[in-house]
Each structure stands twice: as C-alpha cells, then as structure tokens.
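Please read the following report alongside the sequence and the structure, and follow the sheet, the core and the aromatic contact in turn.

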Amino acid sequence: MEEQANDHVTEVDAAQAALNRMRTIAKARGELRIPRSRLGAKSVPRSKRAPFLDSLDGGRDPQGLGRVVRRLVSDRGWSSPLAVGSVMAQWDTLVGPDIAAHCQPESFEVTTLHVRCDSTSWATQLRLLSSSLLAKFDAELGTGVVTKLLVLGPAAPSWRKGYRNVKGRGPRDTYG
C-alpha cells in the first residue's frame with residue numbers, strides 16, 4: 001500500500017511544458033520578452049477582450065465545416081478576396097450560359113473586372129449589359145466587390161512574321 005502512494009504520477013500539460021522549454025531556450029540565446037506596452041500596442045483589459053471560444057457552446061462541441069470556414073473568413077478579413085475568386089469560379093452561373101460561351105473573365109484589379117470577349121459584337125453586347133451585370137454581382141456577391149466591368153475585344157493576331165517587316169498599320173480589319 002505504501003509503495004502505491006509513492007508512485008503517484010502528476011499530470012503534465014504538454015503544451016505548457018513545450019512553451020516553458022522554448023522560453024528557456026530563447027532566454028539562453030539572449031532573447032527577451034517585451035511587453036506589448038513597450039512595443040507601442042495598447043493593452044486591452046481582460047474583460048474587453050474578444051473570447052477565443054464561442055460563448056454559446058464553450059468551444060467544446062464539434063462544429064460544421066461551413067460554420068468554421070465562415071468564421072475564419074470573417075475573422076481574417078478574407079471576404080473580398082474570396083468574392084473575387086467566386087466571380088472567376090462561378091462566371092457561368094452568374095452571367096448565364098450564352099454570355100459565358102463568348103466572354104471570359106481575364107483578371108481582377110481592385111474592384112474592376114476585366115472580361116475578354118471572342119468578337120467585337122459580343123464586346124458591344126456586354127458593354128450594354130454591364131449595368132445589369134453589376135447589379136447582379138452586388139446581389140450575389142455583396143456590394144462593392146465588382147464596381148466596374150472593363151470589356152475587352154478579341155486580341156488581334158500578329159501580322160509580323162519573319163525577320164523583316166514593313167512599317168505601317170498593316171491589314172485593316174475589325175479587330176477589337
């Protein structure tokens with residue numbers, strides 16, 4: 001009986017032990033812990049800090065993947081880059097199959113979407129539809145994600161072949 005009392009094992013918090021080891025290694029290298037107040041950041045009292053875990057379930061219950069990802073996106077401020085990616089990925093469903101067959105998104109700068117069309121007539125048609133498409137983007141993706149559509153016509157082929165070429169405008173055709 002007496003032997004069992006001496007074999008008492010204390011619980012060790014592995015994360016705390018690892019943190020303590022890293023702190024001693026850092027201290028041995030000469031690194032110092034600097035309080036936030038000395039770095040210029042204002043310290044926030046414990047009562048005003050945002051809780052790490054959800055207050056409803058204590059953070060212990062499993063959550064759905066959609067809820068976790070939604071929370072991660074909102075906490076990190078990734079909503080506008082994800083909306084831009086969804087414009088590119090969902091182009092066919094956002095504009096419809098007719099337009100998607102002839103016009104493709106090419107790039108995105110700040111809030112301007114660059115769209116390349118395969119003919120000048122489709123580029124003109126898309127310019128006429130741009131206000132209704134922008135309204136649909138606002139409804140589907142949120143306001144301010146896409147504020148301007150820059151419609152580009154087809155890229156003209158290069159007529160320069162070989163080592164020598166003649167200066168001038170080249171063949172006059174309806175490219176772009």
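Strand 1 and strand 2 run antiparallel and are joined by 6 bridges, where two strands count as paired if DSSP finds at least two bridges between them. Strands here are DSSP runs of E with at least two residues, helices are runs of H or I with at least four, and both are numbered from the N terminus. Phe108 stands opposite Leu113 in strand 2, and in the hairpin that these strands make, with 2 residues between them, Val110 takes a positive phi near 50°.

The model is predicted, so local features need pLDDT of at least 70 and side-chain atom pairs count only at pLDDT 80 or more, whereas totals for chains, interfaces and linings use all residues. Residues are numbered from 1 along each chain as its sequence is written, and side-chain values use heavy atoms, with hydrogens and water left out.

Strand 2 is also joined to strand 3, by 5 bridges, and these two run parallel; one of the bridge partners is Leu150 in strand 3, which pairs with His114. Together the 3 strands form an open sheet of mixed pairing in the order 1-2-3. Because strand 1 and strand 3 stand at the edges with a single partner strand each, one side of each is left without a neighbour in the sheet. The two pairings can be set side by side.

| Strands joined | Bridges | Direction |
|---|---|---|
| strand 1 and strand 2 | 6 bridges | antiparallel |
| strand 2 and strand 3 | 5 bridges | parallel |

Neighbouring strands of this sheet are turned by 25° against each other on average, direction ignored. Helix 8 packs on the sheet and touches strand 1, strand 2 and strand 3, while its direction makes about 160° with that of strand 3; contact means heavy atoms within 4.5 Å, and such angles run from 0 to 180 degrees between N-to-C directions of axes fitted to C-alpha atoms, for helices over the stretch in contact. Buried means under 20% relative accessible area, exposed over 50%, and partly exposed in between, with a 1.4 Å probe and protein chains only.

The largest nonpolar core holds 21 residues, of which Trp91, Leu113, Leu126, Phe137 and Val146 touch the most other members. Such a core is a set of buried Ala, Val, Leu, Ile, Met, Phe, Trp, Tyr and Cys residues joined through side-chain atoms within 4.5 Å. Among the elements that give two or more residues to this core are helix 6 (91–95), helix 7 (97–102) and strand 2 (112–117), and helix 8 gives the most, with 6 residues. Leaving aside residues up to four places away in sequence, Leu113 touches residues including Val87, Met88, Trp91, Phe137 and Val146.

Trp91 and Phe137 form a tilted aromatic pair, with 6.3 Å centre to centre and 45° between the planes. Rings of Phe, Tyr and Trp (its six-membered ring) pair if their centres lie within 6.5 Å, and planes under 30 degrees apart count as stacked, over 60 as edge-to-face and the rest as tilted. This pair links distant parts of the chain, since Trp91 lies in helix 6 and Phe137 in helix 8, 46 residues apart. Trp91 counts as buried because its relative accessibility is 2%, and Phe137 counts as buried because its relative accessibility is 1%.
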